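Have the model open while you read.

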Amino acid sequence: MIKAGELPDTIAVFPLPGALLLPRARLPLHIFEPRYLQMLEDALKTPTRLIGMVQPNEIPGRSGTGLQTIGCAGRITQFSETEDGRYLITLGGVSRFRVIKEIEGFTPYRRCDVRWDGFDRDLGPDEKDPAFSRPVFLDLLGRYFDARELSADWDTLKEADDELLINSLSMMLDFDPEDKQALLEAPSLSTRRETLVTLIEYRLRGGSETEMMQ
């Protein structure tokens, strides 16, 4: 467990569209680009082994991509190397952060000065959602899975803790990067669940404004 005082002021960031990491959740990643292999090697040398997951943000009129202002840092908890030099790693979500500025140069990967204040609950115990109605939610989820022709281990979903269930679905379901960002920035588990329900209901109604007009 990483304590607040151990969180660094500067971290490496991995801008991967649509990849969402949340506190106390786990995200598997496949690392193969040379710059990110270097990022992994450097992160493993640090006491916290942190990598920041953050969504790229297109900026009109500028080349390249910017970064969303809020991301989530994960600690490298597992890693294995393949025969051809790629790595399979797992990040354990630690805390969200706010990007203060991007650091230019020095490394082939991107690095940012960050602040951790405002996300104190991320380092605490699992969150609860007192208003969560699991039967109603699972009924909605079942209709969504049927519409998308997805399968699920329903016994596991029924037994999972509130936070594990809501956060895992937030990370796994195929929402747009902007929707993933909204789920990340939700201030509480209850708010994230409400956002998740809204996104699922929207997809069931058509999935996009274009599809809904057809």
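What follows goes through the ground rules, the overall fold and then the aromatic rings.

## Ground rules

This is a predicted model, so to speak of a local feature takes a pLDDT of at least 70 and a side-chain atom pair counts only at pLDDT 80 or more, while totals for chains, interfaces and linings use all residues. Residues are numbered from 1 along each chain as its sequence is written, and side-chain values use heavy atoms, with hydrogens and water left out.

## The chain as a whole

The chain has seven helices and eight strands; these are DSSP runs numbered from the N terminus, with helices being H or I of at least four residues and strands E of at least two. For 214 residues, a compact globule would have a radius of gyration near 17 Å, and the chain's 18 Å agrees with that. That radius is taken over C-alpha atoms, and the globule rule is 2.2 Å times the number of residues to the power 0.38. Along the principal axes, the C-alpha atoms fill a box of roughly 50 × 40 × 40 Å.

Of the 214 residues, 45% count as buried (under 20% relative accessible area, with exposed being over 50% and partly exposed in between; 1.4 Å probe, protein chains only). Take the contacts (heavy atoms within 4.5 Å) between residues at least 6 apart in sequence: 67% of them join residues at least 24 apart.

## An edge-to-face pair

Now for the rings: the structure holds seven aromatic pairs. Rings of Phe, Tyr and Trp (its six-membered ring) pair if their centres lie within 6.5 Å; planes under 30 degrees apart count as stacked, over 60 as edge-to-face and the rest as tilted. F97 and W116 make an edge-to-face pair, because their centres are 5.8 Å apart and their planes sit at 70 degrees.

This pair links distant parts of the chain, 19 residues apart: F97 is in strand β7 (residues 87-103), and W116 is in the loop between β8 (110-115) and α2 (134-148). F97 is buried at 0% relative accessible area, and W116 is buried too, at 11%.

## A tilted pair and its cluster

Y144 and F175 have ring centres 6.5 Å apart and planes at 45 degrees, so this pair is tilted. Y144 lies in helix α2 and F175 in the loop between α4 (162-172) and α5 (177-185), so the pair ties together parts 31 residues apart in sequence.

Y144 is buried, with a relative accessible area of 1%, and F175 counts as buried at 6%. Together with F145 and W154, Y144 and F175 form one aromatic cluster.
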